[in-house]
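Thanks for coming. I will go through one model today, starting at the surface and ending with the backbone.

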Amino acid sequence: MKLGLFMMPLHPPTRPPFETYDEDLELIRRADKLGFSEIWIGEHMSLPWENIPNPELFIARALAETDNIVFGTGVILLPLRNPVMVAHNIAMLDHLAKGRLIFGIGSGGTPNDAEMLGIKHDSTEFRERTSESIHIITRLWKEGPFDYEGKYYKLGKPQDRPELEMSFHMTPYQKPHPPIAVAGGSIRSRTLELAGEKGWIPLSASLVHRSHLQYNWQSVEQGAHSNGLKPSRHDWRVGKQVYVANTTEQAKKEALSGAMARDFTDYWAKLIGNSPSGLDTFKIDPETPDQDITPEYLLENYWIVGDPDYCISEIEKLHKESGGFGTLLIQTDDWGNHNSQFFNSMELLAKEVMPAIKDL
């Protein structure tokens with residue numbers, strides 16, 4: 001098993017972006033030196049807490065300051081993008097990365113994102129847009145421009161003009177293209193089923209409870225078997241909020257008085273709580289009242305918080321209950337004070353936890 005990071009990112013919206021970008025870059029530099037295998041960078045246009053609207057720009061900057069860590073787009077929201085531009089951007093980024101890139105895609109996005117772009121915010125339409133877009137992107141990388149008129153996108157094959165040195169040239173560094181990944185956040189995830197069907201990397205979001213991970217993998221297997229493929233658990237990424245301190249008592253106290261509790265109370269509870277299903281996403285028992293979904297509830301049921309030995313034990317349980325996965329992606333948080341608490345957690349993860357779980 002490997003340890004990676006998932007940077008949504010999460011920052012209080014009162015902070016200026018340039019400050020948080022500098023801190024996130026410092027976090028990535030440290031992760032690279034500590035031996036974390038990969039880091040995923042999110043995309044949102046209208047969620048001030050998640051303040052990176054273009055992960056490709058951020059990754060391009062971070063690539064120049066790291067040596068080994070692999071970057072994943074987590075995720076490119078394909079329904080909101082022109083597929084021809086995405087194909088060119090990701091191909092160029094792959095050359096800058098010299099292969100240190102995973103192309104994470106998704107069909108999400110907020111209603112505000114869609115409204116700004118004049119697109120109907122409909123989950124079925126977004127899935128259809130995503131499917132059509134990735135078909136166009138991978139075909140462009142394989143054969144170059146082509147004439148196409150689909151349900152949502154239209155493109156043409158321009159005339160090559162060799163006398164003017166005009167022709168299509170932007171194909172990825174990795175062949176045939178960077179690894180493609182998709183994330184799923186529900187128990188029976190259609191996107192994870194699609195990952196299995198296409199042979200893509202499946203990623204279970206940190207909101208998925210450990211008891212539901214086995215069903216996530218069943219979705220991957222179902223999709224793979226429908227297309228005659230055999231998925232590898234080594235490719236499976238699982239997200240989780242993990243915080244390590246020198247003692248379990250200290251870790252739990254800091255989690256409940258710090259960034260993890262704040263981010264749930266001020267962000268997740270409001271964002272998800274105002275959705276049609278309310279806080280059902282977090283409920284192990286559907287009968288649990290919304291008012292019982294608190295940071296203390298997450299500490300006991302979702303988060304892994306403790307000293308190194310406790311976290312090793314909980315990660316081993318997580319690995320066993322899920323049936324096994326290849327990379328644990330730890331969600332990053334903004335702890336303030338130049339992230340000193342989270343940097344200490346990263347040090348403990350790298351030096352004490354990582355060696356103990358690498359053979360899982």
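**Surface, pocket, salt bridges, backbone**

M45, M116 and L117 make a nonpolar surface patch of about 290 Å². This is a predicted model, so local features need pLDDT of at least 70 and side-chain atom pairs count only at pLDDT 80 or more, while totals for chains, interfaces and linings use all residues. Residues are numbered from 1 along each chain as its sequence is written, and side-chain values use heavy atoms, with hydrogens and water left out.

A patch here takes residues with over 30% relative accessible area and no salt bridge, joining like charges within 9 Å and nonpolar side chains (Val, Leu, Ile, Met, Phe, Trp, Tyr) within 5 Å. Areas come from the Shrake-Rupley method with a 1.4 Å probe, and for residues only the protein chains shown count as cover. M45 is in the loop between strand 2 (38-41) and helix 2 (55-63); helices (H or I, at least four residues) and strands (E, at least two) are DSSP runs numbered from the N terminus. M45 has a relative accessible area of 41%, so it is partly exposed. On that scale, buried is under 20%, exposed is over 50%, and partly exposed is in between.

Next, the second largest pocket. A pocket is an open set of points on a 1 Å grid over the protein atoms alone, where a 1.4 Å probe fits, with protein on both sides within 12 Å along at least five of seven lines; lining residues have an atom within 4 Å of a point. The second largest pocket holds about 370 Å³ of space, the volume being that filled by probe spheres set on the points. Which of its 23 lining residues lie nearest the centre? They are P179, I201, H234, D235 and R237. Helix 6 (190-198), strand 9 (201-204) and helix 7 (213-226) each supply at least two lining residues, and helix 7 gives the largest share, three.

Now salt bridges. Side chains of opposite charge can pair when their charged atoms come close. The rule is a side-chain nitrogen of Lys or Arg within 4 Å of a carboxyl oxygen of Asp or Glu, and by it the count is 22. One of these pairs R15 with D334, the closest N and O atoms being 2.8 Å apart. That pair links distant parts of the chain, 319 residues apart: R15 is in the loop between strand 1 (2-7) and helix 1 (17-34), and D334 in the loop between strand 13 (327-331) and helix 12 (340-357). R15 counts as buried at 19%, and D334 counts as buried at 2%.

E125 and R129 pair at 3.1 Å, four residues apart in helix 5 (residues 123-143), about one turn. K283 and D280 also meet in a salt bridge, at 3.1 Å, N to O. Salt bridges that share partners join E26, R29, R30, R61 and E65 into one network.

Last, the backbone. Most residues other than glycine have a negative phi, and most peptide bonds are trans. The bond from M8 to P9 is cis, with omega near -15°, and so is the one from G74 to V75, with omega near 5°. Phi is positive at N337, near 50°, and at H338, about 55°. N337 is exposed at 60%, and H338 is exposed at 61%.

Conventions:
Buried means under 20% relative accessible area, exposed over 50%, partly exposed in between (1.4 Å probe, protein chains only).
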